[in-house]
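Good morning, everyone, and thank you for making time for this. I would like to walk slowly through a few places in one structure, so please keep the picture in view while I talk.

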Amino acid sequence: MPTSPLAESGLQAPEKSRISPRSVLLWTAVSLLGAVAWGVLALARGEKISAVWLVVAALGSYAIAYRFYSRFIARRVLRPDDSRATPAERLEDGVDFHPTDRRVLLGHHFAAIAGAGPLVGPVLAAQMGYLPGTLWIVAGVIFAGAVQDMVVLFLSMRRDGKSLGQMARDEIGRAGGAAALIAVFAIMIILLGVLALVVVNALAHSPWGTFSVAMTVPIALFMGFWLHRIRPGRVVETSLIGVALLLLAIAGGSWVQNSSLAGAFTLSPTTLVFCLIGYGFVASVLPVWMLLAPRDYLSTFMKIGTIGLLAVGVVVAAPVLHADAVSKFASSGAGPVFAGSLFPFLFITIACGALSGFHALVSSGTTPKLIQKESQVRMIGYGAMLMESFVAIMALIAAATLEPGLYYAMNAPAGLLGATAESASHAVAGLGFTISPDQLTQAAKAVEEQTLIARSGGAPTLAVGMSEIFSGVLGGTAMKAFWYHFAIMFEALFILTTVDAGTRVGRFMLQDMLGNVFKPVGRVTWKPGIWLCSGLVVAAWGYFLYTGATDPLGGINQLFPLFGIANQLLAAIALAVCTTVLIKSGRLRWAWVTGLPLAWVVAVTFTASWQKIFSGDPRVGFFAQRTKYADALDAGHVLPPAKNAHDMHAVVTNSTVDGVLIAFFLLLVAVVIVNAAVVCVRAVRSPGAQPTTEAPYVESRLDVPEQADDALVGARS
């Protein structure tokens with residue numbers, strides 16, 4: 001196969017030395033500042049500390065990781081070559097493959113991967129205290145999450161944008177590949193259904209949020225045509241227009257909510273389900289430059305702008321962390337928000353803020369088909385994941401700055417708290433925290449909600465925490481309600497971008513799978529295959545979403561408990577594929593880069609899955625929960641959250657289904673890992689060239705302006 005002279009030599013393009021006294025001083029200062037911040041967090045003994053230290057520790061760590069560790073991976077492990085044409089250049093079709101400006105692509109990729117996980121997971125994990133969550137979010141993203149995203153993106157790009165499941169089949173073999181294809185697609189449908197349900201819950205009966213989110217579609221279409229047809233290449237100009245229109249849409253949502261048009265945008269959950277299904281189908285079949293990429297890029301301004309504003313608010317207001325550094329629930333495993341010990345359930349709960357299998361689907365879905373040059377995988381793959389991790393840190397801060405009494409009154413189950421402020425106050429006191437009924441009433445009144453009691457799921461807690469921080473900087477208590485509803489709308493927009501991109505990724509996966517049986521379906525240019533696979537994907541997650549929206553114990557609600565573990569099992573598959581490819585390509589000495597995160601995520605997910613299957617605690621084990629409710633049903637008792645015998649039967653069924661599915665997923669992932677290990681051992685024992693599925697080298701003729709970042713630029717002929 002033809003290769004570049006640089007690739008044949010195994011050497012990297014020579015780089016100009018960038019070491020200077022100024023650089024040494026800068027990075028020394030960053031290191032010292034980060035070390036001081038971590039020291040303050042580590043040495044705190046019961047006293048309250050400012051949330052500013054969390055921000056400084058995280059940002060310092062991210063800066064060092066991007067500058068040094070990601071650069072090491074790019075130079076030593078991946079060795080990108082910018083003289084090589086990417087799939088976006090070689091296979092450009094104007095629909096799925098299209099060379100996209102790295103700034104727009106970074107926005108699209110970040111928007112596509114940043115869903116509910118980094119917002120909700122850290123809020124729930126605050127039950128364990130702020131320190132364990134902070135350590136995992138920062139260390140996890142640096143050594144696991146960002147590494148996975150970057151390496152998967154590079155490998156998929158070298159293989160014509162193949163999906164994760166198809167890469168597993170090609171690199172691991174038929175048995176492991178088939179298991180990976182089934183597991184990846186099934187988990188993908190569950191993840192999309194869960195994410196879509198969060199959007200439905202956030203936008204239902206909210207005219208402000210619905211109007212603002214809906215307006216991002218025509219704005220994105222305008223941006224797509226402006227950038228692609230009217231003013232090609234004018235990214236800054238297009239961005240300014242898009243941001244201005246987005247701000248008008250947000251302000252317009254507030255006006256619509258208090259106008260006669262409110263009724264038109266006050267939609268029921270069922271109506272929103274069909275709107276999402278229709279949007280998901282359209283977004284997955286339209287040319288990527290027309291709607292998906294510009295809409296995600298536009299959403300990134302909203303996401304980064306809000307999180308950046310929140311970070312500024314933390315620095316200016318310097319709120320105190322009211323949560324304990326490590327709570328009593330970290331050791332007891334009997335927390336009211338979620339049951340289970342710190343290991344493994346803290347890591348399962350935080351999920352996307354540190355490591356997410358869903359990201360591997362995006363990194364082997366839309367993004368590798370759009371990237372202009374190989375060196376951009378560092379900024380887009382590693383950099384976007386660091387951005388998402390910072391979102392998780394800000395979500396954790398928002399939860400940890402709330403008074404613990406309010407936090408547990410919002411996140412403990414309704415069965416424990418009761419329906420009144422008095423009963424909730426009494427229940428929280430039983431947990432060891434204090435909040436009066438009047439304080440609960442006033443907290444709800446301040447954000448113009450009827451009640452904040454048992455508003456579990458993390459999203460309302462994050463909105464309250466954000467409103468506290470924002471109002472402390474701008475507007476005072478009079479603006480709390482505005483900031484609360486702004487945060488709810490922000491969360492819906494944040495999550496929706498993963499649904500549209502995820503649906504398109506699901507279509508790619510299904511095309512790859514069916515293409516193994518009927519070749520034309522696998523061709524990205526065959527329109528019937530595109531429409532058929534898009535329709536099947538939206539029908540699959542749409543069915544579970546519709547059933548869940550109409551039945552509190554049915555549909556996607558039934559599968560919701562699988563979200564965290566399934567997502568991390570997906571990460572195990574992705575890291576297994578990465579490690580296998582590195583070893584097969586003769587890079588055994590660098591296989592630890594993905595091998596160590598693989599070992600960790602296997603330990604976490606397999607332990608969590610084992611406990612979910614075999615634990616005798618009904619709050620943890622699915623089958624133990626089934627036995628508890630089945631016995632109560634036989635005795636004629638009704639246990640919460642069930643309200644009648646029909647609900648009791650539903651809980652028994654759901655527990656059984658969840659237990660069987662998690663066992664099935666665990667078995668599939670075990671098959672993938674065992675097959676990957678066999679392939680790796682065979683490659684080590686047979687040194688020399690191994691069969692590769694990389695696309696042949698084709699010289700790039702695409703002229704891209706010199707990279708503004710520090711990414712390694714390969715040879716140019």
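Let me begin with the cysteines, and with Cys-680, which counts as buried because its relative accessibility is 11%, below the 20% under which we call a residue buried. Please keep in mind throughout that this is a predicted model.

How many disulfides does the count come to? With a disulfide taken as a pair of cysteine sulfur atoms within 2.5 Å, the count comes to zero. Cys-680, for its part, is in no disulfide, and the nearest cysteine sulfur, which belongs to Cys-578, is 11 Å away.

Now I would like to turn to Ala-392, which you will find in helix H17, running over residues 377-400. Is Ala-392 buried or exposed? Ala-392 counts as buried, because its relative accessibility is 0%. Leaving aside residues up to four places away in sequence, Ala-392 touches Pro-118, Pro-122, Ile-137 and Gly-353.

Finally, let us look at the surface, where Val-312, Val-315, Val-316, Val-473 and Leu-474 form a nonpolar patch whose accessible area together is about 440 Å². Helix H13, residues 292-317, gives the patch its largest share, three residues. Val-312 lies in helix H13, and with a relative accessible area of 46% Val-312 is partly exposed.

Note on methods. Residues numbered from 1 in each chain as written. Predicted model: local features only at pLDDT ≥ 70, side-chain atom pairs only at ≥ 80, totals over all residues. Heavy atoms only, no water. Buried < 20%, exposed > 50% of the residue type's maximum accessible area, 1.4 Å probe, protein only. Helix = DSSP H or I, 4+ residues; strand = E, 2+ residues; numbered from the N terminus. Contact = heavy atoms within 4.5 Å. Patch = residues over 30% accessible without salt bridge, like charges linked within 9 Å, V, L, I, M, F, W, Y side chains within 5 Å. Areas by Shrake-Rupley, 256 points an atom, 1.4 Å probe, with all protein chains shown as cover. Salt bridge = Lys/Arg side-chain N within 4 Å of Asp/Glu carboxyl O.
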